Amino acid sequence: MNGTATNNGIVIDVKGLTKSFGGREVVHDLSMQVKRGSIYGFLGPNGSGKTTTIRILCGLLTPDSGEGTCLGYDIRRDAEKIKRQVGYMTQRFSLYQDLSVRENLEFVARLYGMPDARGAAREMIERLGLSGREEQLAGELSGGWKQRLALGACTLPNPQLLLLDEPTAGVDPKARRDFWNEIHALAAEGLTVLVSTHYMDEAERCHEIAYIAYGHLLAHGTVEQVIAKSALTTYTVTGDLNGLAAELAGKPGVDMVAPFGTSLHVSGRDVAALEASIAPWRAKAGLHWQASHPSLEDVFIELMNRSKDNFQ
Amino acid sequence: MSMIGTTGERREIRDRFGFWRRSWAMVTKEFIQLRRDRVSFAMIVMIPVMQLLLFGYAINTTPHHLPSAVLLQEDSDLARSVLKALENTAYFRFTREVHDVDEFDNLLKSGKVLFGVEIPRGFERAVRRGDKPALLVAADATDPIAASSALGSLGMLVQTALQHDLYIGDPPNLPFEIRAHARYNPAAESRLNIVPGLVGTILTMTMLIFTALSVTREIERGTMESLLSMPIKPVEVMLGKIIPYILVGFVQAFLIINIGVFLFGVPVLGSLFLLAALSTLFIAANLAIGYTFSTVAQNQLQAIQMSFMFFLPSILLSGFMFPFAGMPVWAQYLGEGLPLTHYLRIVRAIMLKGATMQNLGYDSLALTALMLFAMAIAVMRFRRTLD
């Protein structure tokens with residue numbers, strides 16, 4: 001029953017996806033491949049098309065053009081088959097607030113036709129550590145618990161692919177860490193996870209990442225590959241930074257100036273121009289300059305600035 | 001820093017008009033929102049226009065040209081004259097000619113005719129002999145308003161009409177006797193008509209609202225997105241949303257009918273089982289229509305507004321408030337498209353006339369058709385994707 005085209009261990013394989021809403025192109029010519037058992041991070045600014053892409057993958061939206069397979073099923077024709085094997089966690093909490101934890105899970109189990117819905121729900125409650133709260137209404141749970149429950153609900157029918165749309169937005173750091181441990185545990189069991197996020201630390205926990213802005217897929221690969229491909233030169237400046245950021249911004253070769261705590265990251269693509277521009281300050285007493293690697297965030301901010309010029 | 005003085009003064013001025021400024025800000029905002037809300041906008045125009053047209057044109061409390069059947073046991077000139085005279089009163093319109101008493105009774109029971117006139121065998125001869133034979137005029141008096149004006153003026157009007165004919169006697173003594181028979185509600189008690197009608201009206205109102213909100217609520221709360229990502233089909237969603245409320249509607253119908261019987265003394269002459277079965281059909285039809293609204297509406301407010309715009313003509317055109325037979329033909333056609341019209345005939349016929357399924361075939365079929373039609377639209381309108 002499984003679509004056997006999950007050959008080569010590729011779970012998501014799409015080409016040239018395009019989707020417009022009211023004349024505005026939200027996803028443009030997007031192609032991507034996701035390997036079985038990997039955690040694939042989907043990054044990009046708000047409104048970049050992440051949610052739309054995820055919805056296309058699970059059959060909630062039909063692409064205007066483009067094609068591909070998800071779990072070996074055609075994303076246009078076999079949406080119903082894809083739905084059976086995909087767990088989709090929406091950005092906004094979308095379980096029933098006025099049903100209890102147990103009732104929500106049992107409902108999901110029954111929709112997927114699981115033989116022992118009650119048993120499956122009970123097991124999931126234990127796995128989630130929600131024992132003792134099973135009769136609590138889902139709407140009364142805290143943000144972190146809601147998100148755990150939502151993850152539990154979409155993993156309940158034993159899907160092969162998880163699509164998580166900004167699952168950790170508004171969740172505290174401890175809960176976020178637990179959540180990611182859980183995702184890694186699931187991936188170790190062979191589940192493929194596509195997760196969209198804004199957080200850089202989360203991006204670094206992914207096996208592979210893709211950066212999408214204004215509907216265009218701008219970079220993809222492992223974190224190291226993406227950083228290496230950016231060809232960004234970065235200096236970290238410490239010391240008496242008062243006013244330095246404002247003075248450097250906009251100088252030729254300086255593409256980005258960003259404060260990081262007590263230090264400042266100064267980055268540019270054109271090494272020569274960057275060096276020339278910062279030269280007057282490098283000799284200045286009280287400032288310590290050090291050549292460093294750009295962080296993933298530097299790379300993304302730079303990609304975003306660049307794409308803004310290109311596509312807007 | 002030197003700005004502080006001026007901003008301080010300006011703030012004082014602003015505070016003096018603060019009340020009006022803030023109220024005005026609210027007024028502008030409400031107008032902008034109202035302008036974008038097409039259904040509210042439509043309601044502002046539709047409700048008064050609909051009410052005026054319906055009350056002005058469709059509703060007639062002294063109805064004329066009421067459908068009537070004639071049981072002609074004798075085909076004589078006199079019989080023809082009498083029928084002509086009855087039609088000339090403008091109250092009666094003979095739509096059916098029947099040949100036996102059973103057919104005559106069935107037509108009245110099913111509500112297809114409101115009056116039945118029986119001209120007995122040997123009528124003309126009896127008149128000639130001066131025997132003063134009886135002419136039976138049976139009326140469906142479940143709706144006292146519809147029947148009373150016609151019945152009340154029967155004797156006088158026939159007399160006047162017959163004066164131009166051959167057989168006039170002196171005005172006060174007609175050569176035959178008109179025996180008017182107000183069936184089903186002889187005392188013309190309006191509650192006998194209104195209580196069964198209320199069963200249908202109350203059910204329409206509550207059932208529509210229950211399901212009209214069902215889909216829009218899921219969309220507004222965001223639960224629709226995850227529901228759509230799971231393997232469930234539109235028909236399954238619809239049935240799941242309708243079936244629980246059939247039970248609710250059944251409890252409600254049971255309650256109203258019991259109050260009607262025990263508090264208001266309305267009889268249930270027909271089969272309780274038939275009443276329950278056809279009430280369930282009616283409940284399901286209304287739930288299906290409410291559900292259809294919820295697949296069309298953008299939000300819960302729109303769904304409520306649509307239900308209201310459906311409820312209003314249901315009350316006015318179904319025969320609940322005003323006699324159905326008294327409405328102009330176009331309004332009757334509109335009325336035939338409303339489940340309440342058919343259910344009112346059913347519930348009145350079963351409770352007051354003791355009607356059986358045999359009398360109610362057409363209205364049951366119409367209810368089923370309306371329900372399936374609404375369901376088909378709902379399933380088609382249900383968006384399986386978020387496109």
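**Figure 1. Ala231(A), an exposed residue in a loop of chain A.** Ala231(A) counts as exposed because 12 C-beta neighbours lie inside 10 Å; a residue is buried if 20 or more other C-beta atoms lie within 10 Å of its own, exposed if 12 or fewer, and partly exposed in between, with C-beta atoms placed from the backbone. The loop that holds Ala231(A) is between helix H8 (223–230) and strand E11 (233–239) of chain A. Helices (H or I, at least four residues) and strands (E, at least two) are DSSP runs, numbered from the N terminus. Ala231(A) is a residue other than glycine, and its phi is positive, near 55°. Most residues other than glycine have a negative phi. The model is predicted: local features need pLDDT of at least 70 and side-chain atom pairs count only at pLDDT 80 or more, while totals for chains, interfaces and linings use all residues. Residues are numbered from 1 along each chain as its sequence is written, and chains are lettered from A and ligands numbered from 1 in the order in which they are written.

**Figure 2. Lys132(B), a non-glycine residue with positive phi.** The phi of Lys132(B) is about 50°. Lys132(B) belongs to the loop between helix H6 (123–128) and strand E4 (134–140) of chain B. It counts as exposed, with 12 C-beta neighbours inside 10 Å.

**Figure 3. Glu202(A) in helix H7 (residues 200–203) of chain A.** Glu202(A) is buried, since 23 other C-beta atoms lie within 10 Å. Leaving out residues up to four places away in sequence, Glu202(A) touches Gly41(A), Thr168(A), Trp180(A) and Thr197(A); two residues are in contact if their C-beta atoms, placed from the backbone, lie within 7 Å. Leu43(A) is 159 residues from Glu202(A) along the chain, and their C-alpha atoms are separated by 9.9 Å.

**Figure 4. Packing of helices H12 (residues 234–262) and H13 (residues 272–296) of chain B.** Axes are lines fitted to C-alpha atoms, for helices over the stretch in contact, and angles run from 0 to 180 degrees between N-to-C directions. By class, the contact of H12(B) with H13(B) has eleven nonpolar, three polar and one charged residues. Ala, Val, Leu, Ile, Met, Phe, Trp, Tyr, Cys and Pro count as nonpolar, Asp, Glu, Lys and Arg as charged, and the others, Gly among them, as polar.

**Figure 5. Helix H16 (residues 339–353) of chain B and its residue Ile346(B).** H16(B) has 15 residues and reaches 20 Å from its first C-alpha to its last, close to the 21 Å expected at 1.5 Å a residue; the expected span is 1.5 Å times one less than the number of residues. H16(B) is mostly covered, with 15 of its 15 residues buried. Ile346(B) has 28 other C-beta atoms within 10 Å and is therefore buried. Apart from neighbours within four places in sequence, Ile346(B) is in contact with Leu278(B), Leu360(B) and Asp363(B). Pro196(B) is 150 residues from Ile346(B) in sequence and 9.5 Å from it in space, C-alpha to C-alpha. Just after H16(B), Gly354(B) has a positive phi of about 65°.
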